[in-house]
Amino acid sequence: MGRAPRARTVALLVGTLVVAAVLAGCAEEKKAAAPQLPERTCFGVFTRSDLEPLMGYGETVKVSGPADARLTAERRAATCNVDVDGRGRVLVSATRQPLGQSFFWPPTDQNRPAPEPLPLGDKGIVWDTGARVALTCKGTEDSFELELGLSGSVEHVKSGTARALFTSLMTEYLESAKQQTGCGT
């Protein structure tokens, strides 16, 4: 008679542990879920898979900014922000200014690794959390200076791969931004 209550106790304990493990697994799955991005975002330039490495975990994605980066003398800047659960994950910007006014890039924080030159546009740099490119756009009807910026949260990016990711993203962004702003046409 002593064995039956003991077997029931063990079975109850095992059942409780199984339920706890399943619930913990569900909690982990919920935390580990990547947020659902739109298929294309930030001026229509980036696909869901392009920006996925910068998103991290979360439930709610909010994208704010105009649909395109078509800049004119009147509309001189465009910015796209992607937030996940209220935390900024990606910032993409385009700024236009009159020809001959170069962009000033302040020195970087000396406590962080120095940026590297990025062979895009007239001047480009890439660092661990973003990239910038400046170029002169000379067209038949309009000439101007254009600066493109891209930065993001890299806490979920594999160590040592952030600069390559930002270089790839900026290369894609540069080609699209040149078309959208009429750079060189």
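Leaving out residues up to four places away in sequence, Arg 163 touches Pro 113, Ala 114, Pro 115, Glu 116, Val 126, Trp 127 and Asp 128. One thing to keep in mind throughout: this is a predicted model.

So where does Arg 163 sit? It's in helix H3. And is it buried or exposed? Its relative accessibility is 14%, so Arg 163 counts as buried.

Now, two of those contacts take us into the strands. Glu 116 stands opposite Val 126 in S7. Strand S6, residues 116–117, pairs with strand S7, residues 123–127, in the antiparallel sense over two bridges. The two form a hairpin with five residues between them, and in that turn Gly 121 has a positive phi of about 65°. Then S7 goes on to pair with S8, again antiparallel, over five bridges. Here the hairpin joins S7 to S8 through two residues, and Val 126 stands opposite Ala 131 in S8.

Back to the helix. H3 runs over residues 162–181, which is 20 residues, and at 1.5 Å a residue it should span 28 Å; the end C-alpha atoms are 27 Å apart, so that agrees. Quite a list of H3 residues is buried, including Leu 165, Phe 166, Leu 169, Met 170, Tyr 173 and Leu 174. If you're looking at that spacing, remember that an α-helix has 3.6 residues a turn, so residues three or four places apart point the same way.

What does the helix pack into? Let's look at the core. The largest nonpolar core has 38 residues, and those with the most contacts inside it are Phe 46, Val 92, Met 170 and Tyr 173. Helix H2, S4, S5, S8, S9 and H3 each supply at least two residues of this core. Which element gives the largest share? That's H3, with eight residues.

Take Val 92 as an example. Setting aside neighbours within four places in sequence, Val 92 is in contact with Phe 46 and Tyr 173, among others, and also with both Cys 42 and Cys 80.

Those cysteines bring me to the next topic. How many disulfides does the structure hold? Two. One joins Cys 42 to Cys 80, with 2.1 Å from S to S. It's left-handed, with -65° about the S-S bond. Cys 42 lies in the loop between strands S1 and S2, and Cys 80 is in strand S4, so the pair ties together parts that are 38 residues apart in sequence. Both Cys 42 and Cys 80 are buried.

The other disulfide is between Cys 137 and Cys 183, with the sulfur atoms 2.0 Å apart. The pair links distant parts of the chain: Cys 137 is in strand S8 and Cys 183 is in the segment after H3, 46 residues apart. This link is left-handed too, at -90° about the S-S bond, and both Cys 137 and Cys 183 are buried. Number the bonded cysteines in sequence order, and the pairing reads 1-2, 3-4.

Last thing, confidence. The chain averages a pLDDT of 81, and 77% of the residues score at least 70. Over residues 7–32, though, the pLDDT is below 50, and beyond near neighbours in sequence that stretch has three contacts in the model. Where pLDDT is low, the predicted coordinates should not be read in detail.

Terms used:
Residues numbered from 1 in each chain as written. Predicted model: local features only at pLDDT ≥ 70, side-chain atom pairs only at ≥ 80, totals over all residues. Heavy atoms only, no water. Helix = DSSP H or I, 4+ residues; strand = E, 2+ residues; numbered from the N terminus. Expected span 1.5 Å × (residues − 1). Buried < 20%, exposed > 50% of the residue type's maximum accessible area, 1.4 Å probe, protein only. Disulfide = S-S within 2.5 Å. pLDDT = per-residue confidence, 0-100. Contact = heavy atoms within 4.5 Å. Core = buried A, V, L, I, M, F, W, Y, C linked by side-chain atoms within 4.5 Å. Pairing = 2+ DSSP bridges.
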